[in-house]
Amino acid sequence: MNILITSAGTRGYLIKYFKKALKEKGKIFAADCSKYAPALYNADNYFIIPAVADKNYIDELFDICLKNDVKGLISLNDVELPVLAQYKSKFMEKGIKLVVSDPETIDVCYDKYKTFKFLKENKFPFAKTFISLNEALMEIKSKIIKFPLLIKPRKGSAAVGIKEVFNIKELQSGFNEKENLIIQEFIQGVQYGIDVFSNSGLVPASIYAKKVIRIRAGIADKEVTVYDARMIDYIRNLIGKLGIYGPGDIDLIKRRNEYVVLEINPRFGGGYPLAHAAGANFPKKVIRLINGDLLEADFRRYPDNIVMMKQDEIVIKNFNLAGNPHL
């Protein structure tokens with residue numbers, strides 16, 4: 001079995017996890033739109049592909065899969081997911097399984113206002129979210145919400161473009177309805193990152209929770225494992241209703257005695273290495289999905305107090321000697 005991981009970026013560790021899980025029974029390929037993505041060079045072979053917005057993106061990806069006998073594909077990029085989801089049947093006709101959620105699920109996750117509506121409609125705690133400045137001002141005036149508030153891109157990731165505002169003047173100057181932004185209630189509490197994996201029936205099969213110690217550049221930089229049976233039951237219910245396929249990543253705040261979901265990402269999260277260290281092994285589960293195996297739910301207790309502390313790693317590459325025709 002050969003597997004292709006797209007938008008490999010800086011996640012060299014994930015390439016290594018997949019290679020170990022595959023146990024030399026196939027190859028792990030990586031693709032990215034930049035030759036300066038260091039994770040490429042951990043793969044058995046790599047490909048430089050067009051950016052997802054390019055009209056040739058799908059055709060070139062499809063061609064790579066056919067020429068290299070790729071049986072499964074997984075993406076690490078939010079922007080790629082909705083595009084790939086539209087072509088799942090095209091790839092499947094050639095025996096290539098895309099471990100990607102359905103378009104409707106991805107749309108709910110990627111659009112933060114739709115995430116808010118999903119949570120509200122399904123009676124999960126939520127952070128009040130607005131796409132109308134007037135609606136937000138009315139609730140401020142009625143003292144239903146209060147400052148500080150957050151202005152975020154309606155579609156975005158890694159905390160890019162998020163602004164915290166502390167008064168009406170800052171809110172009015174920072175929010176423009178034409179820029180596809182949202183206004184969101186600021187939720188105070190303890191932040192957690194949750195790694196979840198769902199089987200082919202879209203039922204959660206594995207959940208690992210970590211308390212965030214520090215965030216750097218919008219991604220958890222230091223975390224510690226926490227086994228919380230009530231939190232896991234909450235996530236099982238949430239993801240079961242949403243219908244994620246394969247790996248997922250959830251950011252939530254524990255506010256007093258309730259869990260408030262902030263974001264849901266239907267892909268590997270940046271804090272996954274800690275879940276892996278605690279026994280998650282999602283790459284092995286991806287391989288089993290590609291094989292068509294039935295994944296049974298496993299929510300056995302995992303160790304508390306395992307800490308992840310990220311550090312930078314340097315990759316040096318001499319492109320004059322690389323000799324790769326895909327550069």
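Trainee: In what order do the strands of the 6-stranded open sheet stand, and is the pairing parallel or antiparallel?

Mentor: The order is 14-13-10-11-12-15, and the pairing is antiparallel. Some ground rules come next. This is a predicted model, where local features need pLDDT of at least 70, side-chain atom pairs count only at pLDDT 80 or more, and totals for chains, interfaces and linings use all residues. Residues are numbered from 1 along each chain as its sequence is written, and side-chain values use heavy atoms, with hydrogens and water left out. Helices (H or I, at least four residues) and strands (E, at least two) are DSSP runs, numbered from the N terminus. Two strands pair if DSSP finds at least two bridges between them.

Axes here are lines fitted to C-alpha atoms, for helices over the stretch in contact, and angles run from 0 to 180 degrees between N-to-C directions.

Strand 12 (residues 219–225) is joined to strand 15 by 3 bridges, and the two run antiparallel. Lysine 222 stands opposite methionine 309 of strand 15.

A helix covers part of this sheet. Helix 11 (residues 282–291) lies across strand 10 (190–198), strand 11 (204–216) and strand 13 (246–255). Helix 11 runs at about 30° to strand 10. Contact means heavy atoms within 4.5 Å.

Next, the aromatic rings. Ring pairs link a cluster that includes Phe197, Tyr208 and Phe282, with Tyr13, Tyr17 and Phe18 also among its members. Rings of Phe, Tyr and Trp (its six-membered ring) pair if their centres lie within 6.5 Å; planes under 30 degrees apart count as stacked, over 60 as edge-to-face and the rest as tilted. By this rule the count comes to 20 aromatic pairs.

The charged end of lysine 35 is 4.6 Å from the ring centre of phenylalanine 319. Lysine 90 lies over the face of phenylalanine 62, at 4.2 Å from the ring centre. The test asks for NZ of Lys or CZ of Arg within 6 Å of the ring centre and within 35 degrees of the ring normal.

Strand 7 and strand 9 (residues 181–185) pair in the antiparallel sense over 5 bridges. Isoleucine 151 stands opposite isoleucine 183 in strand 9.

Two backbone details remain. Phenylalanine 147 and proline 148 are joined by a cis peptide bond, with omega about 5°. Proline 148 is in the loop between helix 7 (133–141) and strand 7 (149–153). Serine 7 has a positive phi near 50°, though it is not a glycine. Serine 7 is in the loop between strand 1 (2–6) and helix 1 (12–22).
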